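Here are my notes on this one, as numbered points. Have the coordinates open while you read.

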Amino acid sequence: MASKNQHVTPRPDGNWQVKAEKALRATAVTRTQREAIQIARDIARNQKTEIIIHRSDGRIRARDSHGGDPYPPHG
């Protein structure tokens, strides 16, 4: 199974969740975005994937790659 990017997103109940891309259920639910980011970062480092951090309105705030990015970049 291929590793999937981790999304940090708000929940309707005011909590935050870490959810793998295209997953039906959250991997973790936390009270703060900071806690969710730390959990997502640990998963992304382990799986060599990317974290996509969303704002409270759902828009993407930041991306943080922990994966096999080529350095120097191609192109």
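1. Strand 2 and strand 3 (residues 28-30) run antiparallel over three bridges. For the terms, helices (H or I, at least four residues) and strands (E, at least two) are DSSP runs, numbered from the N terminus, and two strands pair if DSSP finds at least two bridges between them.

2. Before you go further, some ground rules. This is a predicted model, with local features needing pLDDT of at least 70 and side-chain atom pairs counted only at pLDDT 80 or more, while totals for chains, interfaces and linings use all residues. Residues are numbered from 1 along each chain as its sequence is written, and side-chain values use heavy atoms, leaving out hydrogens and water.

3. On its other pairing, strand 2 meets strand 1 in the antiparallel sense, over five bridges. Gln6 sits opposite Ala20 in strand 2. The two strands form a hairpin with five residues between them, and Gly14 in that turn has a positive phi of about 95 degrees. Strand 2 (residues 16-20) is mostly covered, with four of its five residues buried (under 20% relative accessible area; exposed is over 50%, partly exposed in between; 1.4 Å probe, protein chains only).

4. Where does the largest share of the largest nonpolar core come from? The core has eleven residues in all, including Val8, Trp16, Val18, Ala28 and Ile51. Strand 2, helix 1 (33-47) and strand 4 each supply at least two of its residues, but the largest share, five residues, comes from helix 1. A core here is a set of buried Ala, Val, Leu, Ile, Met, Phe, Trp, Tyr and Cys residues joined through side-chain atoms within 4.5 Å.

5. Have a look around Ile51, one of the core residues. Asn5 is in the segment before strand 1 (6-10). A polar atom of the Asn5 side chain lies 3.1 Å from the backbone nitrogen of Glu50, a polar contact (N or O atoms within 3.5 Å; within protein, one must be able to donate a hydrogen and the other to accept it, and residues adjacent in sequence count only if both atoms are side-chain atoms).

6. Last stop is Asp57, in the loop between strand 4 (50-54) and strand 5 (60-65). The Asp57 side chain reaches the backbone nitrogen of Arg59 at 2.9 Å. Asp57 and Thr9 are 48 residues apart in sequence, and 9.1 Å apart in space, C-alpha to C-alpha.
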